[in-house]
Amino acid sequence: MLFENCTYFIKECGIADCKIVILFQSIASADMDSNQLEAFLTAQTKKPGGITTDHAIVIAKFWKNQRAKIHESLINQSKWENSLKNISWRVDLKTQSRHIDQMNSPVAIVEMELEKNGQVRTFYLILPM
């Protein structure tokens, strides 16, 4: 679960679990920067039944410290298959051959590194042009 590290946070703030998870889902899905977060939390403090100013301060501090980790977790949870780690390509031109008709024929070479479950695999595609 995305917010499994929030248990201490929920206990510290005293906000109902459901409310804090909904707040963090909104914050994380928008990947809010500090200005957006401040505006969002200010609006939440002004809503009837919303959070207190102290809660907003703690939430802002938590988000500032955990934003990168939460973002990475969301990315990892949203991947279904391989992820592209690197791609490179080049075009080669054959300058020597036994047969004259094979000379000067371009070939595109594409190298892709894909990662799945921590393992990186390299694939080469050789495409005559």
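Of the 129 residues of the protein chain, 24% count as buried, a term that here means under 20% relative accessible area, with exposed meaning over 50% and partly exposed lying in between (1.4 Å probe, protein chains only). The model is a predicted one, in which local features need pLDDT of at least 70 and side-chain atom pairs count only at pLDDT 80 or more, whereas totals for chains, interfaces and linings use all residues. Residues are numbered from 1 along each chain as its sequence is written, and side-chain values use heavy atoms, with hydrogens and water left out.

The pLDDT, which is the predictor's confidence in each residue on a scale from 0 to 100, averages 79 over the protein chain, and 83% of the residues score at least 70. Within the protein chain, confidence is highest in helix H3 (residues 34-46), at a mean of 93, and lowest in helix H1 (residues 7-13), at a mean of 54.

The secondary structure of the protein chain comes to four helices and three strands, where helices (H or I, at least four residues) and strands (E, at least two) are DSSP runs numbered from the N terminus. Along the sequence these elements follow the pattern α-α-α-α-β-β-β. With contact taken as heavy atoms within 4.5 Å, 41% of the contacts in the protein chain between residues at least 6 apart in sequence join residues at least 24 apart.

Helix H3 contains Gln44, which has a relative accessible area of 12% and is therefore buried. When neighbours within four places in sequence are left aside, Gln44 is in contact with Leu23, Gly50 and Ile51.

Helix H4 (residues 53-78) has 26 residues, yet its end C-alpha atoms are only 33 Å apart, short of the 38 Å that a straight helix would reach at 1.5 Å a residue; the expected span is 1.5 Å times one less than the number of residues. A kink of about 65 degrees in H4 is centred on Gln66, the bend at a residue being the angle between axes fitted to the seven residues ending there and the seven starting there. Gln66 is also one of the buried residues of H4, which include His55, Ala56, Ile59, Phe62, Trp63 and Ile70.

The three strands form an open sheet in the order S1-S2-S3, with antiparallel pairing, two strands being paired if DSSP finds at least two bridges between them. Strands S1 and S3 are the edge strands, each pairing on one side only, and neighbouring strands of this sheet are turned by 15 degrees against each other on average, direction ignored. Strand S1 (residues 83-93) is joined to strand S2 (residues 106-116) by 10 bridges, and the bridge partner of Asn86 in S2 is Glu113. Strand S2 also pairs with strand S3 (residues 119-128) over 10 bridges, again in the antiparallel sense. Across this second pairing, Met112 stands opposite Phe123 in S3, Glu115 stands opposite Val120, and Lys116 stands opposite Gln119. The hairpin formed by S2 and S3 has two residues between the strands, and Asn117 in the turn has a positive phi of about 55 degrees.

Notes
Axes are lines fitted to C-alpha atoms, for helices over the stretch in contact, and angles run from 0 to 180 degrees between N-to-C directions.
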